[in-house]
Protein chains: 2
Amino acid sequence: MRILGIDPGLQRTGYGVIDLAAGVGAPRLVEAGVIRTNRTDALADRLVEIHSGLAAVLDEFKVDVAAVETLYAHYKHPRTAILMGHARGVILAAAAEAGVRVESYGATKIKKSLVGSGHASKQQIQRAIQSAFHLQETPYPPDVADALAVALCHAHQAVRTVHTR
Amino acid sequence: MRILGIDPGLQRTGYGVIDLAAGVGAPRLVEAGVIRTNRTDALADRLVEIHSGLAAVLDEFKVDVAAVETLYAHYKHPRTAILMGHARGVILAAAAEAGVRVESYGATKIKKSLVGSGHASKQQIQRAIQSAFHLQETPYPPDVADALAVALCHAHQAVRTVHTR
């Protein structure tokens, strides 16, 4: 199973593609990166960039499922949450247009799945990702680690589903 | 100038196309309607429907500008605001993909532009729309009136801009 993890954002949308072979333990890192947009561009144009950038990733890597982080409903700045909703909207649409199923995971669930605690720090998550994929360095920017984290969370979920069937 | 007004929503996105002839007073109603999505469908699929529905409208009516209502940042339910942000995201992307400029207007500005008060009721807006376009009945569902209201708000803005130049 090939999983695309996505950490949605208007400035930077992180993505990470991993392979999960049936019966084999560790997921393999295929590709990871970031779609950046320019904050001086119009919002609509930035959304098109995110949409087409992700469409290109989906086209290239033929994933089976997209795991996308949900947005906090309790942001300090509700305007920011709404803007992030705009970005997440075009991300979900790009996945569905590519015929890819979308699964959503909250930050707490992702952290808990990776390091056993829903309150893990950014650094803990980065180290967990570095360790899981045997990387020499922590992924940069952090959006890449966050995208791989949600992909890995879905992998754990998928493995658990298989085991309990 | 041809203006597409849009009232973004996940359940129902209202749209209204109006023509504003240079020098002639009253804008003319070209077309108005609603893009509906099924609440039992997956969010990603509903976003694709809104995206493709609006792309079809943009393709058919060749508008010069899209005027889109902004979302409140002070919703009682921040989760709803974020979900509406998802819908508004694919709407803005569809406009930009069609090469159409996007202008955003807040609810207060729209109401003030139509009936002189930022605190006008839904009914007052509906009656103002009915009167502006000489309609026999108030537009239904209300999302259609709201879409025509934002289109008309942009028309007033555009006329004012020409006058003061």
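Hi everyone, and thanks for coming. Some ground rules before we look around. Residues are numbered from 1 along each chain as its sequence is written, and chains are lettered from A and ligands numbered from 1 in the order in which they are written. Because the model is predicted, local features need pLDDT of at least 70 and side-chain atom pairs count only at pLDDT 80 or more, while totals for chains, interfaces and linings use all residues; side-chain values use heavy atoms, with hydrogens and water left out.

Let's begin with the pair. When I say contact, I mean heavy atoms within 4.5 Å.

Now chain A by itself. Which elements does it have? There are five helices and five strands in chain A, and from the N terminus they run β-β-β-α-β-α-β-α-α-α. Helices here are DSSP runs of H or I with at least four residues, strands are runs of E with at least two, and both are numbered from the N terminus.

On overall dimensions, the C-alpha trace of chain A spans about 45 × 35 × 35 Å along its principal axes. A compact globule of 165 residues would have a radius of gyration near 15 Å, and chain A agrees, with 15 Å. That radius is taken over C-alpha atoms, and the globule rule is 2.2 Å times the number of residues to the power 0.38. Among contacts in chain A with a separation of 6 or more, 62% are between residues 24 or more positions apart.

How much of chain A is buried? The share is 50% of its 165 residues, where buried means under 20% relative accessible area, exposed means over 50%, and partly exposed is in between, with a 1.4 Å probe and protein chains only. The accessible surface of chain A is about 8,100 Å², and 50% of that belongs to carbon and sulfur atoms; the areas come from the Shrake-Rupley method with a 1.4 Å probe, and for residues only the protein chains shown count as cover.

On to the inside. The largest nonpolar core has 52 residues, and Leu4(A) and Leu4(B) touch the most other members. Such a core is a set of buried Ala, Val, Leu, Ile, Met, Phe, Trp, Tyr and Cys residues joined through side-chain atoms within 4.5 Å. Setting aside neighbours within four places in sequence, Leu4(A) has contacts that include Tyr15(A), Val17(A), Val57(A), Leu58(A) and Val63(A).

Asp143(A) sits in helix 5 of chain A and counts as buried, at 9% relative accessibility. Beyond its neighbours within four places in sequence, Asp143(A) is in contact with Asp7(A), Arg12(A), Gly14(A) and Val34(A).

Next, helix 3 of chain A, residues 107-115. Its buried residues are Ala107(A), Ile110(A) and Leu114(A). They cover an arc of only 65° around the axis, which puts them on the same side of helix 3 of chain A. The arc is that of the directions from the helix axis to the C-beta atoms. Why that spacing? An α-helix has 3.6 residues a turn, so residues three or four places apart point the same way. After helix 3 of chain A comes Gly116(A), with a positive phi near 85°.

Helix 4 of chain A has buried residues too: Ile125(A), Gln126(A), Ala128(A), Ile129(A) and Gln130(A). It is followed by His134(A), whose phi is positive, near 50°. His134(A) lies in the loop between helix 4 and helix 5 of chain A and is exposed, with a relative accessible area of 69%.

That loop also has a cis peptide bond. It joins Tyr140(A) and Pro141(A), with omega about -5°, and Pro141(A) is in the loop between helix 4 (122-132) and helix 5 (142-163) of chain A. For background, most residues other than glycine have a negative phi, and most peptide bonds are trans. In chain B, a cis bond joins Tyr140(B) and Pro141(B), again with omega about -5°, and His134(B) has a positive phi near 50°.

Thanks, and I'm happy to take questions.
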